[in-house]
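Biologist: Please show me the chain, and then let us go through it one question at a time.

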Amino acid sequence: MPAIDFTTPLPSLVIGATGLEAVAQNIRIIVLTMAYSVALDRGFANTGGFIDAPTPYAVARKIAELTGAIEAKEPRAKVESIRFAPRPSDAMEGRVYPIITFSIRKGVTL
């Protein structure tokens, strides 16, 4: 199963990406876009409501939020798991980044 690891540098976006690369790229855009920043789709993506929440609560809420956003906006993808890990450079600052494992839904041809 493909995974997108936000703890490592992400590849550049490719205009005209197709297949699995396009699905992975769409997931990255969904995760990195803050809600209310897309003029005609204010509910798009990440609400940021987890800020200042207790850690276990925030992690569970963020996993549910990201899963819902990804599966709503990229219907070809099925989120298999989301976990969080620090970047080596940010480990002491308490920042964590998602690692998203996904599959392509049955019946979808790329």
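The questions and answers below concern a predicted model.

Biologist: In what order do the elements of the chain run from the N terminus on?
Modeller: The chain holds two helices and three strands. Read from the N terminus, the order of these elements is β-α-α-β-β.

Biologist: What share of the 110 residues is buried?
Modeller: A residue counts as buried when its relative accessible area is under 20%. Across the 110 residues of the chain, the buried share is 35%.

Biologist: How far does helix 1 reach from its first C-alpha to its last?
Modeller: Helix 1 has 14 residues, and at 1.5 Å a residue the expected reach is 20 Å. The reach in the model is close to that, at 20 Å.

Biologist: What covers the buried residues of helix 1?
Modeller: The buried residues of helix 1 include Ala 24, Ile 27, Arg 28 and Val 31. Residues three or four places apart in an α-helix point the same way, because there are 3.6 residues a turn. The cover over the buried residues of helix 1 includes strand 1 (3-5), helix 2, strand 2 and strand 3.

Biologist: Which element gives the most to the lining of the second largest pocket?
Modeller: This pocket holds about 170 Å³ of space. Its lining has 14 residues, and Ile 4, Leu 10, Pro 11, Ala 24 and Arg 28 lie nearest the centre. Strand 1 and helix 1 are the elements that give two or more residues to the lining. Four residues come from the element that gives the most, helix 1.

Biologist: Is Ile 15 buried or exposed?
Modeller: Ile 15 sits in the loop between strand 1 and helix 1. A residue counts as exposed at over 50% relative accessible area. The relative accessibility of Ile 15 is 83%, so Ile 15 is exposed.

Biologist: And is Phe 44 buried or exposed?
Modeller: Phe 44 is in the loop between helix 1 and helix 2. Leaving out residues up to four places away in sequence, Phe 44 touches Ile 29, Ile 30, Thr 33, Met 34, Ala 35, Val 38 and Lys 73. The relative accessible area of Phe 44 is 15%, so Phe 44 is buried.

Biologist: How far apart in space are the C-alpha atoms of Phe 44 and Ile 70?
Modeller: Along the sequence, Phe 44 and Ile 70 are 26 residues apart. From C-alpha to C-alpha, the separation in space is 9.7 Å.

Biologist: Which residues are in contact with Arg 87, leaving aside its neighbours within four places in sequence?
Modeller: Arg 87 belongs to the loop between strand 2 and strand 3. With a relative accessibility of 30%, Arg 87 counts as partly exposed. The C-alpha atoms of Arg 87 and Pro 9 are separated by 9.8 Å, though these residues are 78 apart along the chain. Beyond its sequence neighbours within four places, the contacts of Arg 87 are Phe 6, Thr 7, Arg 95 and Tyr 97.

Notes: Residues are numbered from 1 along each chain as its sequence is written. This is a predicted model: local features need pLDDT of at least 70, side-chain atom pairs count only at pLDDT 80 or more; totals for chains, interfaces and linings use all residues. Side-chain values use heavy atoms; hydrogens and water are left out. Buried means under 20% relative accessible area, exposed over 50%, partly exposed in between (1.4 Å probe, protein chains only). The expected span of a helix is 1.5 Å times one less than its number of residues. Contact means heavy atoms within 4.5 Å. On a 1 Å grid over the protein atoms alone, a cavity is a set of points where a 1.4 Å probe fits but cannot get out, and a pocket is an open set with protein on both sides within 12 Å along at least five of seven lines; lining residues have an atom within 4 Å of a point. Grid points are joined across faces, edges and corners, and a volume is the space filled by probe spheres set on the points.
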